[in-house]
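Subject: A structure for you to look at

Hi,

Here is the structure I promised to pass on. Please open it beside this email, and then read on for what turned up.

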Amino acid sequence: MHHPRRLDLSKQSGERKEGRPLTVRGARALPWQQTPWCWHTELLGSAKKVNVNFQDTDGFSALHHAALNGNTELISLLLEAQAAVDIKDNKGMRPLHYAAWQGKKEPMKMVLKAGSAVNAQSDEGQIPLHLAAQHGHYDVSEMLLQHQSNPCIVDNSGKTPLDLACEFGRVGVVQLLLNSNMCAALLEPKPGDATDPNGTSPLHLAAKNGHIDIIRLLLQAGIDINRQTKAGTALHEAALCGKTDVVRLLLDSGINAHVRNTYNQTALDIVNQFTATQASKEIKQMLRDASAALQVRAVKDYCNNYDLTSLNVKAGDVITVLEQHADGRWKGCIHDNRTGNDRVGYFPSSLVEAISKRTGSWETVRAGPT
């Protein structure tokens with residue numbers, strides 16, 4: 001599924017080098033980017049002759065450029081010359097959006113003092129707080145919240161500023177937002193979470209990207225660890241993305257390993273589709289240990305070449321039971337320690353006995369009908 005392109009400062013502008021202003025690709029250089037500083041005052045001093053709100057082919061005004069570059073002197077001159085503070089570029093971005101993205105307090109303070117709207121959304125549905133949170137700008141995010149920025153506003157991909165901070169691993173901003181009373185509602189499940197194709201949660205985003213510290217903050221703040229989206233729980237996301245430490249933390253924190261997503265898959269089912277990477281081997285073992293309600297041992301060989309879903313079994317094989325059906329047909333998994341691979345399929349319960357490991361010896365209990 002295609003998601004709207006997000007702003008990425010490194011991609012848009014390249015690496016910032018000392019003494020070089022940030023520029024936006026495709027934007028033409030303006031006169032004050034090429035001329036001595038004395039010309040700036042001259043240019044703006046004759047405001048009757050110069051249109052300070054002139055926009056280039058990308059919709060960038062002088063104030064957009066000044067906000068993006070963090071140039072406070074130029075911002076001050078432009079605002080004195082009555083530059084439009086909420087002028088939009090071709091993507092619906094206002095100067096305040098670029099000041100938030102750039103991340104310095106003083107330019108933000110100036111544009112806010114001039115009356116810029118803190119909750120105005122771009123064409124992608126983002127408010128300045130989305131950009132500040134995504135890029136981890138703590139002071140700027142705090143300033144926006146103090147000016148009544150709404151952290152519950154969602155962008156076109158269904159994400160709030162808290163979602164983006166969790167997705168990109170911005171621990172400080174996550175803590176700031178969690179301390180905001182308005183964010184308490186974001187920790188609660190939303191109606192339609194399990195059916196919305198874009199449905200997500202801060203916990204899911206942190207889990208799939210491996211942000212352990214943020215997961216701990218979210219759990220401490222009281223988020224429902226078993227909150228489900230169409231993809232399943234955060235355990236599904238972490239398992240799918242190979243985040244071993246996250247899987248361990250979630251299991252240790254009591255997440256339900258038996259939950260099935262809308263495709264009827266547990267987290268273990270998902271990992272069973274992986275290639276035998278080291279991460280997936282560890283995750284499989286953890287999930288097997290967490291979800292195995294029953295382990296059985298085959299008492300005789302079984303092979304059914306006429307059923308492609310059947311599990312070929314040799315006497316003595318240890319099988320982790322995944323499903324038990326009333327007709328006596330069970331689904332199980334055999335793990336090959338030598339290759340690290342798993343075989344999954346169906347077998348008759350009558351050919352196995354249940355086993356449990358106690359004090360180093362196997363205790364045998366009959367599983368199938370006698």
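First, how to read the values. This is a predicted model, in which local features need pLDDT of at least 70 and side-chain atom pairs count only at pLDDT 80 or more, while totals for chains, interfaces and linings use all residues. Residues are numbered from 1 along each chain as its sequence is written, and side-chain values use heavy atoms, with hydrogens and water left out.

**The whole protein**

The protein has 17 helices and six strands; these are DSSP runs numbered from the N terminus, helices being H or I of at least four residues and strands E of at least two. Of its 370 residues, 47% are buried (under 20% relative accessible area, with exposed over 50% and partly exposed in between, using a 1.4 Å probe and protein chains only). The accessible surface is about 18500 Å², and carbon and sulfur atoms account for 48% of it (Shrake-Rupley method, 1.4 Å probe; for residues, only the protein chains shown count as cover). Looking at contacts (heavy atoms within 4.5 Å) between residues at least 6 apart in sequence, 62% join residues at least 24 apart.

Start with helix α4 (residues 62-69) and helix α6 (residues 95-102), which pack at about 15° with their axes 7 Å apart. Here axes are lines fitted to C-alpha atoms, for helices over the stretch in contact, and angles run from 0 to 180 degrees between N-to-C directions. The two helices are therefore roughly parallel to each other (angles under 35 degrees; over 145 is roughly antiparallel, 65 to 115 roughly perpendicular and the rest oblique). The crossing of α4 past α6 is right-handed, a term used if the near helix is turned clockwise from the far one by less than a right angle, and left-handed if anticlockwise. On the α4 side the contact uses Leu63, His64, Ala67, Leu68 and Asn69, which meet Pro95, Tyr98, Ala99, Trp101 and Gln102 in α6. That contact has seven nonpolar residues, three polar ones and no charged ones (Ala, Val, Leu, Ile, Met, Phe, Trp, Tyr, Cys and Pro are nonpolar; Asp, Glu, Lys and Arg are charged; the others, Gly among them, are polar).

Next come helix α5 (residues 72-80) and helix α7 (residues 105-113), whose axes come within 10 Å and cross at roughly 10°. That makes α5 roughly parallel to α7. Thr72, Ile75, Ser76 and Leu79 from α5 meet Glu106, Pro107, Met110 and Val111 from α7. By class, this contact holds five nonpolar, two polar and one charged residues.

Tyr138, Ser141, Glu142 and Leu145 of α9 meet Gly172, Val173, Leu176 and Leu177 of α11. Five nonpolar, two polar and one charged residues make up the contact of α9 with α11.

**Around α13**

Which residues of helix α13 (residues 212-220) are buried? They are Ile212, Ile214, Ile215, Leu217 and Leu218, and their cover includes α10, α11, α12 (202-208) and α15. After α13 comes Gly222, with a positive phi near 100°. Ile223 sits in the loop between α13 and α14 (234-240) and counts as buried at 5% relative accessibility. Beyond its neighbours within four places in sequence, Ile223 is in contact with Leu187, Pro202, Leu203 and Leu218. Glu188 is 35 residues from Ile223 in sequence, yet their C-alpha atoms are 6.6 Å apart.

**A few more residues**

Ile270, in helix α16, is buried, with a relative accessible area of 8%. Not counting residues up to four places away in sequence, Ile270 touches His236, Leu240, Asn261 and Gln265.

Most residues other than glycine have a negative phi. Gln148, in the loop between α9 and α10 (161-167), has a positive phi near 70° and is exposed at 60% relative accessibility. Asn264 also has a positive phi, about 65°, and lies in the loop between α15 (244-252) and α16 (267-271).
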